[in-house]
Amino acid sequence: MTQKIRKSSSNSESGETAWFAQSGPYDDVVLSTRVRLVRNLADFPFPSKMVTDDFNRINSLVYDAFQPDENFHFLDFAELSEPGKEILRDKNILKDKACSAVLLDYKDESLACLVNESDHLKLSAFIAGLDCEKAMEKIYKLDEELQKKLQFAASIDFGYLTSRIKDCGTGLKFTIRVYIPSIVLAGQFESVLSLVHEKRFQLKPVFKPDQSDVTEFANCIFDISSTNSFQGTEFDQMAAIQAVGMLILKTERKIRSEFADNNPTVVLNFFKQNYAKALYSLLLSYEESVSILSAIKWGLHLGLISGISDSELNALYFRTKSGHLRYLCENFNFSFEDDIKASENLQIKRLRAIVIQQAFEGIVNEKTVS
């Protein structure tokens, strides 16, 4: 199969680049910043206690509140196909829970709203790199517009009222996704974990729960998130996680340089193993692709390669997900090998390998074993 695959970093009708394919500050270490804002309408029970009429009424109220903004699509959850839901999950817009509707900014997909999930409205803003202030500005601009048309449940004592006690107050939750291979490989992960917990944030692996195999670069990507929304103001919460992100960023960069200087052959071996796997594999699982992309990203910042950017590599984390590749298989006519045609799972793995190989065509090796 030699067919050229069109890059599709965005599904937007405007043709604007999706947020995850854009460059962002410090995106060598911080892949993304996400802000979630929870709101509930006054005089309605929480979704877990609602009846059908309540769901329909809230859907109508939210739809009317968004309607003047032509940048948003209203998607009825009941009418979404399974592949459509999978794509939304791949983009971290939809979780495992059902909702009644999804509103999505089609320009760059950086703003989304879930209706009647755990709460009446769950707003999300996404930014490439580390920029909590910009993400918060985006989410509060939307929140201010909605408050002109919707009355949200709140009290003087508890702030905004939500279905979970920990979300009361501001309703904010920040999540930054960090890539810290040098910290993991140098055995410094526990100290970073202690720091995160000391600052009252939680740290979870994105792809794998076990950090024991440090040769798997998929083990080196983590989400750092707020644990509650009631401690401090919005700006206090924003400043706290931004500070943690900056500290981890500086630590990773420092250790990266030291580790490479002290272990040049080991570093080159990690990189070349993954680069060779990318070039010569015919089938790749998503976890394998994550390890490959992460190793190449590490090599880029160690000066081992050139010809590809952080934004291109970060976009590939999304472009190689199964939902996106399934969409390509169903909507484009690819000429797969005979033994691949009968299996959708194999087609996706085959397509994933080709997407990565085509993205790596411009890579230039800058260093070899001396």
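Author: By class, the lining of the second largest pocket has 9 charged, 7 nonpolar and 2 polar residues. Here Asp, Glu, Lys and Arg count as charged, Ala, Val, Leu, Ile, Met, Phe, Trp, Tyr, Cys and Pro as nonpolar, and the others, Gly among them, as polar. Keep in mind that this is a predicted model, in which local features need pLDDT of at least 70 and side-chain atom pairs count only at pLDDT 80 or more, while totals for chains, interfaces and linings use all residues. Residues are numbered from 1 along each chain as its sequence is written, and side-chain values use heavy atoms, with hydrogens and water left out.

What is a pocket, then? On a 1 Å grid over the protein atoms alone, a pocket is an open set of points where a 1.4 Å probe fits, with protein on both sides within 12 Å along at least five of seven lines; a lining residue has an atom within 4 Å of a point. The second largest pocket holds about 390 Å³ of space, where a volume is the space filled by probe spheres set on grid points joined across faces, edges and corners. Of its 18 lining residues, Asp69, Phe72, Leu111, Lys141 and Leu142 are the closest to its centre. Helix H1 (52–66) and helix H3 (132–147) are the elements that give two or more residues to this lining, and H3 has the largest share, 5 residues. Helices (H or I, at least four residues) and strands (E, at least two) are DSSP runs numbered from the N terminus.

Now for the strands. Strand S2 (residues 72–76) is joined to strand S3 by 5 bridges, and the two run antiparallel; two strands pair if DSSP finds at least two bridges between them. Within S3, Leu104 is the bridge partner of His73. All 5 of the 5 residues of S3 (residues 101–105) are buried, so the strand is largely enclosed by the rest of the structure. Buried means under 20% relative accessible area, exposed over 50%, and partly exposed in between (1.4 Å probe, protein chains only). In a regular strand the side chains alternate between the two faces of the sheet. In S3, Ala101, Leu103 and Asp105 lie on one side and Val102 and Leu104 on the other, all buried.

Next, S3 is joined to S4 by 4 antiparallel bridges, with Val102 opposite Leu114 in S4. These two strands form a hairpin with 5 residues between them, and Glu109 in the turn has a positive phi of about 60°.

Strand S4 (residues 111–115) is in turn joined to S5 by 5 antiparallel bridges, and Cys113 has Leu123 in S5 as its bridge partner. S4 and S5 also form a hairpin with 5 residues between them, where Asn116 has a positive phi of about 60°. As for S5 (residues 121–128), 8 of its 8 residues are buried, so this strand too is largely enclosed by the rest of the structure. Finally, strand S1 (residues 30–39) pairs with S5 in the antiparallel sense over 8 bridges, and Lys122 in S5 is the bridge partner of Val38.
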